[in-house]
Structure formats: C-alpha cells, structure tokens
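Thanks for coming, everyone. Please have a look at the structure on the screen, and then I will walk you through it.

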Amino acid sequence: MQIFYTPEIETGSVLPEEESQHCIRVLRLAEGDEIKLTDGKGYFYRASIARAHPKHCEVKILEKQRQARLWNFRLHVAVAPTKNMDRMEWFVEKAAEIGIDGITCLNCRFSERREIKPARLEKILISAIKQSQKATLPELNGMTGFNEFVRRPFEGRKLIAHCNEGEKPLIRDRYRRGEDALILIGPEGDFSPEEVKLAMEQGFEPVSLGESRLRTETAALVACHTVHVLNQ
C-alpha cells in the first residue's frame, strides 16, 4: 500500500499539497479508499479518504500504530558534502533505506562544497523512508563547522575515518554491538591533520574502512552498512 508523509496529521486531517496531488491526480484514489500515512515521528496511520481534493485531500484516521524500532542503537553519520550533489543525494537516499538516525553535513578545511539546500535532501529522505517502510524520518542537519561539531556531546562510540598516517583498526575492532555510533567522513581531500588531531582530543577514535580508497559518499554508506552488519 502506498505510504503518504503527513507530519502534521495529529493537528489536521489534510494531506500536504504534494501528497494530495499524488494521491488524487496520480494514483486516482477516491473517497472511501484506504491509504497508509506516516508522520515521520515513529507512527503509521490507517486512514480513509474523506474528501478527494487534489490540493487538500482530507482523510479520516481509522487506526494509529507505533512502529517498533528496527535497530537497537542510534547511528549518526557526519559527512562533508560532495561537489556533485547527486552523489550526496545518493548517500542520503541509500542510508535512509538501510537505516540511519541522523545525518550532518560537515564543513571541513578541504570541503569542496560550502553550501547545500537541506530542503532537497529532506525530500529525498522522505521518499526513502516511504519506499523502505519506515515511520521515522532521520534528523538532517545543514552545513555545520567541523570544529564546532566535534565538540558537541555524544553518548556513544565516536569514530573518524581518515586516510592520514597512523594506526587505524577496522570499525569492527572499535565498535561494539548495540552501541550508539557517531562516524565522521571527510571530503575528497580528506580531513586535515589538525582536524584529525582535534577530533581525537574530543574522544573520536580513528578507523579504517578497508584497503580501498573510497569516494566520500561510498565511505559514508560503507560506514553506515558496516554498523548494521555488526549488529546482526
């Protein structure tokens, strides 16, 4: 069944305009048809169409159900956006499908991109959770300075994947099943030595993602998937 994203369903029984248009004009659903909604806050709703308007589709809630958490840890990946935003959008989509709780866009010394449009990435996140049958929308943070971000408190395992010299065990040798995890992924030019030093002073542990040198978006997705595999 098609899922519609309705973040304000608790305060109003009308679908957002874009969702209304897809429901009525594209799928040609009619009054009385049942649909499935999510508020992006952990809940699914079974509803019926009360008024089939292509801009303001009204619904009647029939049932509300909380989706049990699909993983027992919290995973946050902070990554420097790529110069080509298509690659960053690919990561955001696939990470949401696999399962992620938060994504932060890092502004690093060697970042290729200093500005992003969070609205575009959020739209991709919404589409991905609907496609993958998830009721919780991952947190998305816009461009954030590296130095500021690494100083923020985080209860869990803090990891930084970089290509600089030094001992870097694999994630599996640092991370323990069930731990919350925050993983830093740098730009194509990697983190600067000063950034790595600062992160380690703030409790981040250096890790390797394997022998191959990965593109930024690939490295971020590998990190995300690895944590899930280690928890299986």
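Histidine 76 stands opposite glycine 102 in β6. Histidine 76 also stands opposite leucine 182, and that one is in β9. Before I go on, a word on where this comes from. This is a predicted model, so local features need pLDDT of at least 70 and side-chain atom pairs count only at pLDDT 80 or more, while totals for chains, interfaces and linings use all residues. Residues are numbered from 1 along each chain as its sequence is written, and side-chain values use heavy atoms, with hydrogens and water left out.

Now the strands themselves. Strand β5 covers residues 75–79, and it pairs with β6 in the parallel sense over four bridges. Pairing here means that DSSP finds at least two bridges between two strands. β5 is also joined to β9 by five bridges, again running parallel. Then comes strand β8, residues 157–161, which runs parallel to β9 with five bridges.

Buried means under 20% relative accessible area, exposed means over 50%, and partly exposed is in between, with a 1.4 Å probe and protein chains only.

Look at β9 side on. In a regular strand the side chains alternate between the two faces of the sheet. In β9, Ala181, Ile183 and Ile185 point one way. Leu182 and Leu184 point the other way, and all are buried.

Step back for the whole protein. There are seven helices and ten strands. Both are DSSP runs numbered from the N terminus: helices are H or I with at least four residues, strands are E with at least two. The C-alpha atoms fill a box of roughly 65 × 35 × 30 Å along the principal axes. Of the 232 residues, 47% are buried. Take contacts between residues at least 6 apart in sequence: 73% of them join residues at least 24 apart. Contact means heavy atoms within 4.5 Å.

Helix α3 runs over residues 118–131. Its 14 residues should span 20 Å at 1.5 Å a residue, and its end C-alpha atoms are 20 Å apart, which agrees. The expected span is 1.5 Å times one less than the number of residues. The buried residues of α3 include Leu121, Ile124 and Leu125, and Lys130 is on the list as well. What covers them includes β1 (3–5), α1 (17–26), α2 (85–98), β6 (102–107) and β7 (139–145). Just after α3, glutamine 133 takes a positive phi of about 60°.

Helix α7 is residues 216–230. It has 15 residues and reaches 21 Å from its first C-alpha to its last, close to the 21 Å expected. Among its buried residues are Thr216, Glu217, Cys224 and His228. The cover over the buried residues of α7 includes β5, α2, α5 (171–174) and β9.

On to the rings. How many aromatic pairs does a search of the whole structure find? It finds one. Phenylalanine 146 and phenylalanine 191 form it, tilted, at 5.4 Å centre to centre with 45° between the planes. The rule covers rings of Phe, Tyr and Trp (its six-membered ring): centres within 6.5 Å, with planes under 30 degrees apart stacked, over 60 edge-to-face, and the rest tilted. Phenylalanine 146 lies in helix α4 and phenylalanine 191 in the loop between β9 and α6, so the pair ties together parts that are 45 residues apart in sequence. Phenylalanine 146 is buried at 1% relative accessible area, and phenylalanine 191 is buried at 1% as well.

Two lysines also meet rings. The charged end of lysine 36 sits over the ring of phenylalanine 44, 4.3 Å from its centre. Lysine 64 does this with tyrosine 43, also at 4.3 Å. The test is NZ of Lys or CZ of Arg within 6 Å of the ring centre and within 35 degrees of the ring normal.

Last stop: histidine 53, in the loop between β3 (43–51) and β4 (58–66). Histidine 53 is partly exposed, at 23% relative accessible area. Leaving aside neighbours within four places in sequence, histidine 53 is in contact with Ser20 and Ile24. Thank you.
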